[in-house]
Amino acid sequence: MDIVKVFGNNLRKYRNELGLSQEAFAEKCGLHRTYISAIECYRRSIALENVQRIADALGIEAYKLFLEE
């Protein structure tokens with residue numbers, strides 16, 4: 001399991017379900033659009049504080065971002 005890919009895929013999936021662009025989502029969670037893009041493209045690892053910020057902005061529990069489908 002590649003946790004960076006799992007997280008990036010889940011972030012993209014949940015963000016798209018909300019109908020948010022990367023830019024709109026980044027603004028909602030207080031992060032930069034290029035940071036969100038890098039996560040979704042598997043180029044960035046992510047700090048725990050940002051995992052929680054992303055989960056809160058998505059309205060989900062943080063653990064769901066780490067579940068492999």
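Helix α2 crosses helix α3 in a right-handed sense, a crossing being right-handed if the near helix is turned clockwise from the far one by less than a right angle, and left-handed if anticlockwise. The structure is a predicted model, in which local features need pLDDT of at least 70, side-chain atom pairs count only at pLDDT 80 or more, and totals for chains, interfaces and linings use all residues. Residues are numbered from 1 along each chain as its sequence is written, and side-chain values use heavy atoms, with hydrogens and water left out.

The two helices, α2 (residues 22–29) and α3 (residues 33–40), pack with their axes 8 Å apart and at an angle of about 110 degrees, where axes are lines fitted to C-alpha atoms over the stretch in contact and angles run from 0 to 180 degrees between N-to-C directions. They are therefore roughly perpendicular to each other, a term that covers angles of 65 to 115 degrees. Gln 22, Glu 23, Phe 25, Ala 26 and Cys 29 of α2 make the contact with Arg 33, Ile 36, Ser 37 and Glu 40 of α3, contact meaning heavy atoms within 4.5 Å.

The protein as a whole has four helices and zero strands, with helices (H or I, at least four residues) and strands (E, at least two) taken as DSSP runs numbered from the N terminus. Of its 69 residues, 39% count as buried, that is, under 20% relative accessible area with a 1.4 Å probe and protein chains only. The C-alpha atoms fill a box of roughly 30 × 20 × 20 Å, taken along the principal axes.

How values were computed: Parallel < 35°, antiparallel > 145°, perpendicular 65-115°, else oblique. Buried < 20%, exposed > 50% of the residue type's maximum accessible area, 1.4 Å probe, protein only.
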